[in-house]
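Hello,

Here is the structure I promised to pass on to you.

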Amino acid sequence: MRRAIASLVLVLAATSLAVLAGVGPAAAGSFETIRSYDVDITVQPNGDLAVVETIVYDFGPEQRHGIFRDIPTRLHYDDTYDRVTPLRVDSVTESGTPAQYSIEDAGDGKSEIKIGNPDQLITGVHEYRIAYTVQGAMNSFPNRDELYWNAIGDEWDVTIQRAAVRVSTPGRITGVACFQGQQGSSDRCGASAYQGGVARFAEAQIFPSQGLTVVVGVEKGAVTVQPPILQERWSAMRAFAITPVTGSAAGALAIAGIAGFGFFAWTRGRDRRYRGSQVDQVMGNPHGDSEPVPIGDADAEGPVEFAPPDGIRPGQIGTLVDEHANTLDVSATIVDLAVRGSLQIHEIPKEGFFGKPDWRLVRSEADDAALLPYERMLLEGLFRDGNETTLSALRTSFADRLAKVEDSLYADAHDQGWFVMRPDRVRLRWRLLGFGLTVLGIAATVALAATTHLGLIGLAALVVGLVFWFGAGRMPARTAKGTAMLRRVRGYRRVIDTADRYMARWAEQEQEFPKMLPYAIVFGLTDRWAHTFQALAAEAPAGTAPIVIPWYVSAGAFSADGFAHAIDGFTVATSGTMTATPAGSGTSGFGGGGGGSW
């Protein structure tokens, strides 16, 4: 009587807590219960377990598809290994009829048997019979073999009104034990008994999150107990273990890969120069013989040049110097086109405190015949919609046109004979190779780390791929003609960089000095140019004609200082405008587990 009263109190308490907590789809408040849960376990002579679970599930008025049963198949064994118990489902029936079911990985070392038709809803009482076979669950001891099995797991979220477990063994049972309650509980079951090779256990009621565990000892030799089935648990320390094998193999692979890239960079990525004296190296020798540029001589300069050598244009210089056609080269080209009369730049002052200055570009009637292809393409791109435009109007619409201009700059650099191949295509080839090696390295790292202790070797392959990827910029090579022009360009840069030393020369031809601005922009010497420009204007003798810049119209009275500042702002604004793009829209035993309805 006391036991019945206590059970009633516990049922009411569990129901109240479940309602307050809103437990799962089969919460106690939904009135779902398991009327009976019978487990029949047959220990086979080879140590396998044939398990049959008969579950009478009452869905009440709730509409469900069926039930699911989660069965653990992997348990922690020690710091290195998990013990696994492979499971095979033999049959599943519902009310005596074969049932529709699926087997899925439920995670956390569990297999889930999901029973029911997803296109059909059911209510009321249904009987489910699940038959499955488990391997590797028996334990061996010196004087006995033992089954330690969580016959009813503690992960059911409904009350089990009656539970019974039957264990049959091929030999004599030497002892039994049975525990019920929450995980780790030592409370004994309501009934347990054994005779010969059969043991029986029972419990009147099992509440949600409680289970039932049975222990059955079998006389030694009656069952062939195989060693535990162990699988190594993955860990980064073991997957990437440094051993003599992995360390030497990974090191050799990395060294070979990096050395291979170094070989290609040395043989294919080095600039060439003309053989002979320094004059021959800059101006070319009669026979055109060339040799690789020696280490340490890559930054050599040619003689001072007071004008762009051979009339080289600013955009060409930018591509030749850093092997990239970029927005700075295009910005300098716009200013150069203005200097040469192809367009005018009109300054538009900003409006309001938070406003930004703008510039209007006006195309002139100058003949375009002398323009290089990339210059003509740039001019057409700027004035595609008319003979006037503003920088702000080009924002988010010029990026595609910019890409075509840069492509034309690369083609021009190659056509001039300055590079063995177009720099952008050389970099692309080596980056594609690096990308492929990187992908292979990642795949090898994942595969080796997941299945072996050789992950370090995969990392070495990944490093090699990254070396090729990031080293692609080292591979474009200049021809002897390109190296000669580069040295002459450096001589011209030195003149602009040390402009104050040549003030007297420029004082005689100050009208020519503004023409150097596009080159100062591409050299990154705009500040130096502006300083000299202001000095020229300030020190001009009385009666000398003022410096005139016909291609730039300022918003106010012209001044050297204001012009230099405005041009610097124009260059920054142009680079930002050209690259802008449109915004987008925007336990200690086996068995156990649990289940529920779905």
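Below is what I found, region by region.

This is a predicted model, in which local features need pLDDT of at least 70 and side-chain atom pairs count only at pLDDT 80 or more, while totals for chains, interfaces and linings use all residues. Residues are numbered from 1 along each chain as its sequence is written, and side-chain values use heavy atoms, with hydrogens and water left out.

Let me start with the disulfide (a pair of cysteine sulfur atoms within 2.5 Å). A search of the whole structure turns up one. Cysteine 178 and cysteine 189 form it, with their sulfur atoms 1.7 Å apart. Cysteine 178 sits in strand S15 (residues 173-181) and cysteine 189 in the loop between S15 and strand S16 (191-195), so the pair ties together parts that are eleven residues apart in sequence. Helices (H or I, at least four residues) and strands (E, at least two) are DSSP runs, numbered from the N terminus. The torsion about the S-S bond is about -70°, so this disulfide is left-handed. Both cysteine 178 and cysteine 189 are buried; buried means under 20% relative accessible area, exposed over 50% and partly exposed in between, with a 1.4 Å probe and protein chains only.

Next, the open sheet. Four strands make it up in the order S24-S23-S22-S25, with mixed pairing; two strands pair if DSSP finds at least two bridges between them. Its edge strands are S24 (388-390) and S25 (552-553), each of which pairs on one side only. Strand S22 (residues 343-348) runs parallel to S25, and two bridges join them. Here histidine 346 stands opposite valine 553 of S25. Helix H7 (residues 373-382) lies across S22, strand S23 (358-363) and S24, at about 115° to S23. Axes are lines fitted to C-alpha atoms, for helices over the stretch in contact, and angles run from 0 to 180 degrees between N-to-C directions.

Helix H6 (residues 327-339) is worth a look too. Twelve of the 13 residues are buried, so H6 is largely enclosed by the rest of the structure. Among the buried ones are Asp329, Ser331 and Asp336. Just after H6, glycine 341 takes a positive phi of about 90°.

What does H6 cross at roughly 90°? The partner is helix H9 (residues 399-415), and the two axes come within 10 Å. That makes H6 roughly perpendicular to H9 (65 to 115 degrees; under 35 is roughly parallel, over 145 roughly antiparallel and the rest oblique). Thr327, Asp329 and Val330 of H6 make the contact with Leu402, Val405, Glu406 and Leu409 of H9, where contact means heavy atoms within 4.5 Å.

Finally, helices H3 and H11. H3 (residues 244-268) has 25 residues and reaches 35 Å from its first C-alpha to its last, close to the 36 Å expected. Buried residues in H3 include Ala250, Gly257 and Phe261, and H11 is part of what covers the buried residues of H3. Glycine 455 belongs to H11 (residues 455-470) and counts as buried at 0% relative accessibility. Beyond its neighbours within four places in sequence, glycine 455 is in contact with Ala239, Phe240, Thr445, Leu448 and Ala449.

Best wishes

How values were computed: Expected span 1.5 Å × (residues − 1).
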